[in-house]
Amino acid sequence: MTEGPDAAVAALRAGQLVILPTETVYGLAADAGNADAVARIFEAKGRPRFNPLIAHIADVGAAGAIAVFDDAARKLATAFWPGPLTIVAPVRPGDRVCDLARAGLDSVAVRVPGHPLARALLRAFGGPVVAPSANRSGRPSPTTFADAVEETGASAAAALDGGPCSVGVESTVVSVLGGRVALLRPGAVTRDQIEALVGPLETSDHGHRSPGRLTTHYAPDAPVRIDALDGPRPGEILLGFGPGVGEARWSLSVSGDPREAAANLFRLLREADREHPAGIAVASVPMAGLGEAINDRLRRAAGFVG
Ligand code: TXA
Ligand code: MG
C-alpha cells in the first residue's frame with residue numbers, strides 16, 4: 001500500500017481502491033464509473049449489493065452531470081457544500097456513476113466533501129468517486145487513519161492520512177425527489193439548518209428509504225447499552241457525557257458539547273471494545289442539534305434497526 005495523492009489518483013485510474021479522509025469519516029474510494037472497482041468495494045466491506053454508494057465530487061458545478069437538481073436541491077448544495085451533506089436526487093441519464101454503485105436505483109446520492117485532501121484528490125482525478133465509510137459492513141465507521149487501515153487497508157492500493165476526522169459521524173442524507181425533501185440519515189448538518197432553508201421536512205420518507213438503514217450498523221463487538229442513567233454495571237465501560245459523568249478518559253465530552261461528542265463517538269466505541277468489556281454503557285445525550293445524529297448512531301450500535 002502506498003501513501004500520497006499521486007499514488008491515490010493512479011490507483012483510482014487503475015481501478016484500485018483508496019483509503020480517503022473526509023471531514024465526517026474515512027471512506028474506501030473507487031472510480032464511480034468502473035464497475036469492477038465498485039464491485040471490489042462491496043467485497044472488501046462485505047456490503048450487501050442492495051445498498052447504494054455516495055458519489056463524491058469536487059464542487060457544486062460537477063453535480064449537474066450526475067443528478068437532476070430542483071430548486072430545493074440547489075439551495076441545499078449552495079448552502080452546505082463543501083460539507084457533510086449528501087443529496088439524493090434523480091440520476092441524470094447517461095451519467096458516469098455505474099449501475100452497481102447506485103444499486104440499480106434511478107436516484108443517485110451526491111456529496112462535495114469538505115476535507116482539503118479529499119477535494120484535492122477529486123480535483124486531480126477529475127470524475128466522481130464513490131466512497132462508503134471504510135469500515136467492514138455493520139462495524140463503527142473509522143474516524144482515524146489507523147482505524148481505517150485496520151478495517152479495510154488490506155483491500156486498498158493507496159491510503160491518504162488526513163488526520164482525525166473533525167465531524168466524526170457520517171454526512172446527513174436528504175432525498176430531494178418529486179418536489180419533496182426527506183431526511184434519510186441525520187448527521188452534522190442538522191434538521192433545523194435544513195428546514196430553515198427549504199421548509200418543513202417530510203415526516204415520513206415516502207418509500208425513499210436509505211437501503212443502508214435496514215441493516216444493523218456501527219456495532220462494536222461488546223454489547224452497547226444506551227441511556228445508561230444508572231451508571232456502569234459490573235464489567236462495563238461507561239462512555240460519559242457532561243461534567244461529572246464517569247471517568248474523563250471515557251467521556252464523549254466532559255463539557256457536554258455535542259460536536260465534541262460526535263467527533264469522539266466512533267473512536268471511543270472502538271477503544272472501549274479493545275478492552276473486551278462485558279459491555280459498553282453510554283450516558284444520555286440530548287437530542288438537540290447534532291444530538292439527533294449521535295443518538296441515531298448509538299441506537300443502531302445498540303441493535304435497534306429502522
Ligand atoms: O459521510 C459520509 O457520507 C461518508 C463519507 C466517506 O463520505 N460516507 C458514507 O457512505 O457514510 P455509506 O455508504 O456508509 O452510507 C451511504 C448512505 C447509505 O445509508 C445508503 O443507503 C444511502 O447513503 N444512499 C446512497 N444512495 C442512495 C439512494 N440513491 N437513495 C437512498 N439512499 C441512498
Ligand atoms: Mg457506512
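Trainee: How far apart do the C-alpha centres of domain 1 and domain 2 lie?

Mentor: They lie 26 Å apart. Keep in mind as we go that this is a predicted model.

Trainee: Okay, and which residues go with which domain?

Mentor: The domain assignment puts 2–209 in domain 1 and 224–301 in domain 2.

Trainee: How many residues are in contact between domain 1 and domain 2?

Mentor: On the domain 1 side there are 24, and they are in contact with 14 residues of domain 2.

Trainee: What area do domain 1 and domain 2 bury between them?

Mentor: About 1,500 Å², with 50% of it on carbon and sulfur atoms.

Trainee: Which elements each supply at least two residues of the side of domain 1 that touches domain 2?

Mentor: Helix α5 (145–152) and strand β10 (180–185). The largest share of that side comes from α5, with 3 residues.

Trainee: What does the side of domain 1 that touches domain 2 have by class?

Mentor: There are 8 nonpolar, 9 polar and 7 charged residues on that side.

Trainee: Let's zoom in on D147. Where is D147 found?

Mentor: Look in helix α5. Leaving out residues up to four places away in sequence, D147 touches P142, R270 and R274.

Trainee: Is D147 buried or exposed?

Mentor: Buried. D147 falls in that class because its relative accessible area is 6%, and the cut-off for buried is under 20%.

Trainee: Which side chain meets R274 in a salt bridge?

Mentor: The side chain of D147 does, at 2.9 Å from N to O. That pair links distant parts of the chain, since R274 sits in helix α7 (residues 258–274) and D147 in helix α5, 127 residues apart. R274 itself is partly exposed, with a relative accessible area of 42%.

Trainee: What about R270, which side chain does R270 meet in a salt bridge?

Mentor: D147 again, this time at 3.9 Å from N to O.

Trainee: Which residues are linked with D147 in a network of salt bridges?

Mentor: R136, R139, E150, E151, R270 and R274 are linked with D147 in that network.

Trainee: Zooming back out, how many salt bridges does the count come to by this rule?

Mentor: The count comes to 19. One of the others to look at is D71 with R74, whose side chains meet at 2.9 Å, N to O.

Trainee: Where do D71 and R74 lie?

Mentor: Both are in helix α3 (residues 71–80), and they are 3 residues apart, about one turn of the helix. D71 is exposed at a relative accessible area of 56%, while R74 counts as partly exposed at 44%.

Trainee: Which side chain does D99 meet in a salt bridge?

Mentor: That of R102, at 2.9 Å from N to O. R102 counts as buried, at 9% relative accessibility.

Trainee: Changing topic to E236. Where is the place of E236?

Mentor: Strand β12 (residues 236–241) holds E236. E236 is buried, with a relative accessible area of 18%.

Trainee: What does the side chain of E236 make a polar contact with?

Mentor: The side chain of R225, at 2.8 Å. Apart from residues up to four places away in sequence, E236 touches R225, G231, G279 and A281.

Trainee: Last one, helix α8. Why is helix α8 largely enclosed by the rest of the structure?

Mentor: Because 10 of the 11 residues of α8 (residues 291–301) are buried. Among them are I294, L298 and A301, along with charged residues such as E292, D296, R297 and R300.

Trainee: What covers the buried residues of α8?

Mentor: The cover includes β10, α6 (191–198), β11 (224–225), α7 and β14 (279–282). Just after α8, have a look at G303, which takes a positive phi of about 100 degrees.

Technical notes. Residues are numbered from 1 along each chain as its sequence is written. Chains are lettered from A and ligands numbered from 1 in the order in which they are written. This is a predicted model: local features need pLDDT of at least 70, side-chain atom pairs count only at pLDDT 80 or more; totals for chains, interfaces and linings use all residues. Side-chain values use heavy atoms; hydrogens and water are left out. Domain bounds come from an automatic or database domain assignment. Contact means heavy atoms within 4.5 Å. Buried area is the accessible area (1.4 Å probe) that two parts lose on being put together, summed over both. A salt bridge is a side-chain nitrogen of Lys or Arg within 4 Å of a carboxyl oxygen of Asp or Glu. Helices (H or I, at least four residues) and strands (E, at least two) are DSSP runs, numbered from the N terminus. Buried means under 20% relative accessible area, exposed over 50%, partly exposed in between (1.4 Å probe, protein chains only). A polar contact is a pair of N or O atoms within 3.5 Å; within protein, one must be able to donate a hydrogen and the other to accept it, and residues adjacent in sequence count only if both atoms are side-chain atoms.
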